[in-house]
Amino acid sequence: MKSTVLLLLFVIVHSVGFTQSKWENVGIELRPKVGYLLPHRAVMTHLLKGHSFGGELSLVKQTSGRQEWEQVYGKPRYGVTLYFYDFGNKEVLGQSYGSFGFVELPMATYKSWSLNGKLTAGLGVVTKTFDLEDNPKNNAIGSHLNVLVLIGVNLNKYFKQSTWSVGIDMTHLSNGATVLPNLGINVPYLSLGYTRYFRSLVMEEKTTEEPKSFMRHAFITSALFSVKQIYPTGGRHYLVGSASAIYHYQFTRKAAMDLAIDFISNQSHADVSTEIVNQWDIFQLGLYAGYVLPVNQFDYILGMGYYVKNSINPNGPVYHRFGFRYHLNEKVMLNLSIKSHWGKADYFEYGIAYRWR
């Protein structure tokens, strides 16, 4: 989890750095939330005891459109949030608190109204975790420190120096099978937000920057690693290593795709099999296709792959990937993504990617 902490700090520092550069259109947002635990597995129904309540306190930057990327994405909002959630089951699940960076991308606008899609990544502490003796009923989370991912939609109404909004989101906490159990905590929330800006909002009509060019074709290589556990709980940790050869094609300033060959060595498969195996037996070869949303220095990625070589097959032939790449410069990127199989997390992918052209 240390690599996760370091990479996610880039997200938070990146957000705070922009807000401190110009206090114009910067404000404080308060967002109370109510929802309920979603038992996405039948074995989790006992965890649902009552409504989940929470609150978020955010430092928000409403872009004005002066920069080219702000115009391209319709003047998004972004910032950093401190949160607290109570899952409605204090004895088994407890509460969660932590921080995340976020960006809101307008999907539709009309006068002073804006419908925004929200993407986040952060870290959360869960106060109650699985313990064989003291808390055996918690089959959702095995570690206190977890990654938080939130995907949602906000309807915003802008005033001279404030914003009111109503939102719906899905909040997910998981450690990516670093420590079992790791079924994860999923909570759909309904929220009401109020943002008070330090000064009156300034919304420019045009940017003074020239439209940025982009390369339609690029070749990217990546090297990723992870650690994970397998059932039964309390076992050893296994190393996972992978490399990818990626053809990256950018359709427009806002849309791109990755076509990749994934080379994967998952050492946990050696103990999944009942037979003696070698490294070639546990080697996996996958073909992958993914959608890429390039937002300023981030590439948000979502895709699906298929194993063409998968001698040991504990999770099936299809896998999925969700996460982001952070551009340190024009060539080098940091990667954080989660690899899963139809909603079941397999492991986090930490690493570095290099763009050759």
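**The largest pocket**

Begin with the lining of the largest pocket in this predicted model: by class, 26 of its residues are nonpolar, 17 are polar and five are charged. The pocket holds about 1000 Å³ of space. Its lining consists of 48 residues, and selecting I338, S340, G343, K344 and A345 marks those closest to the centre. To see which elements take part, colour strand 5 (113-126), strand 6 (145-158), strand 7 (162-174), helix 3 (269-272), strand 13, strand 14, strand 15 and strand 16 (344-355); each of them supplies at least two lining residues.

**The second largest cavity**

A search of the whole structure finds four cavities of 30 Å³ or more. The second largest cavity has a volume of about 110 Å³. Select S222, I246, R321, R325 and N335, which lie nearest its centre among the 14 residues of the lining. By class, this lining has five nonpolar, four polar and five charged residues. At least two lining residues come from each of strand 9 (217-228), strand 10 (238-252), strand 11, strand 14 (318-327) and strand 15 (332-341). Strand 11 gives the most, with three residues.

Strand 12 and strand 13 form a hairpin with two residues between them, and N296 in the turn has a positive phi of about 55 degrees.

Move to strand 1 (residues 26-36) and select K33. Is K33 buried or exposed? Its relative accessible area is 4%, so K33 is buried, the cut-off being under 20%. Display the side chains of K33 and E56, which make a polar contact of 2.7 Å. A further polar contact, of 3.3 Å, joins the side chain of K33 to that of Y85. Leaving aside neighbours within four places in sequence, K33 is also in contact with other residues, including S52, F53, G54, L150, D169, T171, Y189, L190 and S191.

**Backbone features in the loops**

The last stops concern the backbone. Most residues other than glycine have a negative phi, and most peptide bonds are trans. Select N25, in the loop between helix 1 (2-21) and strand 1. N25 has a positive phi near 65 degrees, and N25 counts as buried at 0% relative accessibility.

Then go to the loop between strand 7 and strand 8 (185-197), where A177 is found. Phi of A177 is also positive, near 65 degrees, and A177 counts as buried at 4% relative accessibility. P181 is found in the loop between strand 7 and strand 8 as well. The peptide bond from L180 to P181 is cis, with omega near 0 degrees.

Finish at P232, in the loop between strand 9 and strand 10. What kind of peptide bond joins Y231 and P232? The bond is cis, with an omega of about 5 degrees.

Note on methods: Residues numbered from 1 in each chain as written. Predicted model: local features only at pLDDT ≥ 70, side-chain atom pairs only at ≥ 80, totals over all residues. Heavy atoms only, no water. Pairing = 2+ DSSP bridges. Helix = DSSP H or I, 4+ residues; strand = E, 2+ residues; numbered from the N terminus. 1 Å grid on protein atoms, 1.4 Å probe; cavity = no way out; pocket = protein on both sides within 12 Å on 5 of 7 lines; lining within 4 Å. Points joined across faces, edges and corners; volume = space filled by probe spheres on them. Nonpolar A, V, L, I, M, F, W, Y, C, P; charged D, E, K, R; others polar. Buried < 20%, exposed > 50% of the residue type's maximum accessible area, 1.4 Å probe, protein only. Polar contact = N/O pair within 3.5 Å; in protein donor to acceptor, adjacent residues only side chain to side chain. Contact = heavy atoms within 4.5 Å.
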